[in-house]
Amino acid sequence: MNNGEKKNMTVKTFGVIGSGQMGNGIAQVAAASGLQVVMSDVKQEFAEKGLAAIGKNLNRLVEKEKISQADGQAILSRVKITTNLEDMAAADYVVEAATEREELKFGIFRELDRICPPHVILGTNTSSIPIGRIAAQTDRPEKVIGMHFMNPVPVMKLVEVIRGLATSDETFSITWQLCEKFGKTPAEANDFPGFIANRILMPMINEAIFCLYQSVGKKEDIDTVMKLGMNHPMGPLALADLIGLDTCLAIMETLYDGFKDSKYRPCPLLRKYVEAGWLGRKSGKGFYTY
Ligand code: CAA
């Protein structure tokens, strides 16, 4: 083990790229575990909105007496926001949770590889882009790994930890331990399109959208069938709205491109909604109105 690797065993400052619903959730759980957090976004207003979302979530936990007010304030005070990616130089571990667009993520990883000291692990919260392709943007592919959180991050117990072809055992075990430190249960997946979670979840959601498209059932009935018939906490259409329809479409495209199999064809209705800007909860309208 070289010195750089030893240094990485203790992560004190955790970097999060992106302050959207995944980024701010990840920042919250990292700060709640006692780490200092630097959360970046491209615009100050986005970063502030992300920080405000963390504050609101923590307040809810205080109101429900799950944490004390002092703890809530301490957690929030550990999150610093920035619009300057160079600030990631201070982080011991960075996870990227930017929008699910390949070129965007590639650019971020090229920048992070330049900015972060060589021992720093670069994780990605990508929901389906191959880890190997992201790792290939850097000179440290052995330190690139998938760290895929579920939405809403503070509530969901799972983190899918994805090994790229070059990911080292050291990187894997540090990431696994971090997930546990965050109070999550990690599960290991290999680098195939959609990994495990979205390989299984997204075709189900896409099929539910086909049911709506072909008038097999109304949206409420489709969701009721899956909620009450299969005991899912929410129906697939409501879940698609929670995830974001643009993200659902991006994941289906990745599965379709990756496997070249028509069973992953995105439903035309999903595309139509995304083109209309109906992205689910975040835009106020998806299958349901918010
Ligand atoms: N942030 C923080 N906490 C939240 C929250 C949010 N956005 N939404 C709900 N909660 C909390 C509530 O405050 C509540 O907490 P308490 O139990 O302490 O009171 C708890 O979660 C339950 O919430 P509700 O009672 O309001 O509603 P619910 O019981 O229906 O739970 C839910 C809401 C947790 C979202 C639940 O419906 C659920 O588990 N849905 C499925 C979510 C899912 O499948 N996520 C994975 C999506 S796939 C993904 O993320 C990966 C990808 O790549 C696309």
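User: What makes E96 and T124 contacts of K105?

Analyst: Contact means heavy atoms within 4.5 Å. By that rule K105 touches E96, A98, T99, E100, T124, T126, I129 and I134, with residues up to four places away in sequence not counted. Do keep in mind that this is a predicted model: local features need pLDDT of at least 70, side-chain atom pairs count only at pLDDT 80 or more, and totals for chains, interfaces and linings use all residues. Residues are numbered from 1 along each chain as its sequence is written, and side-chain values use heavy atoms, with hydrogens and water left out.

User: Why is K105 called buried?

Analyst: The classes rest on relative accessible area: buried is under 20%, exposed is over 50%, and partly exposed is in between (1.4 Å probe, protein chains only). K105 is at 1%, so the label is buried.

User: And what makes the stretch holding K105 a helix?

Analyst: Helices are DSSP runs of H or I with at least four residues, strands are runs of E with at least two, and numbering goes from the N terminus. K105 sits in α5, which covers residues 102-115.

User: How do you know that the structure has zero disulfides?

Analyst: A disulfide is a covalent bond between the sulfur atoms of two cysteines. Here a pair counts when the two sulfur atoms are within 2.5 Å, and a search of the whole structure finds zero. Take C179: the closest cysteine sulfur, in C116, is 18 Å away, so the pair is too far for a bond. For C211, the closest cysteine sulfur belongs to C267 at 9.3 Å, which is again too far for a bond.

User: Which class of accessibility do C179 and C211 each fall into?

Analyst: C179 is buried because its relative accessibility is 0%. C211 has a relative accessible area of 25%, so it is partly exposed.

User: What makes α8 and α9 a packed pair?

Analyst: Helix α8 (residues 197-213) and helix α9 (residues 219-230) have their axes 9 Å apart, at an angle of about 140°. Those axes are lines fitted to C-alpha atoms over the stretch in contact, and angles run from 0 to 180 degrees between N-to-C directions. The touching residues are M204, A208, C211 and L212 of α8, with K219, I222 and M226 of α9.

User: How many residues of each class does that contact have?

Analyst: There are six nonpolar, no polar and one charged. The classes are set by residue type: Ala, Val, Leu, Ile, Met, Phe, Trp, Tyr, Cys and Pro are nonpolar, Asp, Glu, Lys and Arg are charged, and the others, Gly among them, are polar.

User: What makes a set of residues a nonpolar core?

Analyst: The members are buried Ala, Val, Leu, Ile, Met, Phe, Trp, Tyr and Cys residues joined through side-chain atoms within 4.5 Å. The largest such core here has 31 residues, and F14, Y93, M147, F149 and F182 touch the most other members. Its largest share, six residues, comes from α2. A second, separate core of 28 residues includes L237, L242, L249 and L279. As background, in soluble globular proteins nonpolar side chains tend to be buried together.

User: Which residues does F14 contact?

Analyst: Setting aside neighbours within four places in sequence, the partners of F14 include I26, A30, V37, Y93, M147, L178 and F182.

User: What makes the backbone at P152, N231 and K260 worth a look?

Analyst: Most residues other than glycine have a negative phi, and most peptide bonds are trans. The bond from N151 to P152 is cis, with omega near 0°, and P152 is in the loop between β6 and β7. N231 has a positive phi near 60° and lies in the loop between α9 and α10. K260, in the loop between α11 and α12, has a positive phi near 50°.

User: Are N231 and K260 buried or exposed?

Analyst: N231 has a relative accessible area of 69%, so it is exposed. K260 counts as exposed as well, because its value is 70%.

User: Why is F259 called partly exposed?

Analyst: Its relative accessible area is 26%, so F259 falls in the middle class. F259 lies in α11 and touches P193, R199 and Y264, leaving out residues up to four places away in sequence.
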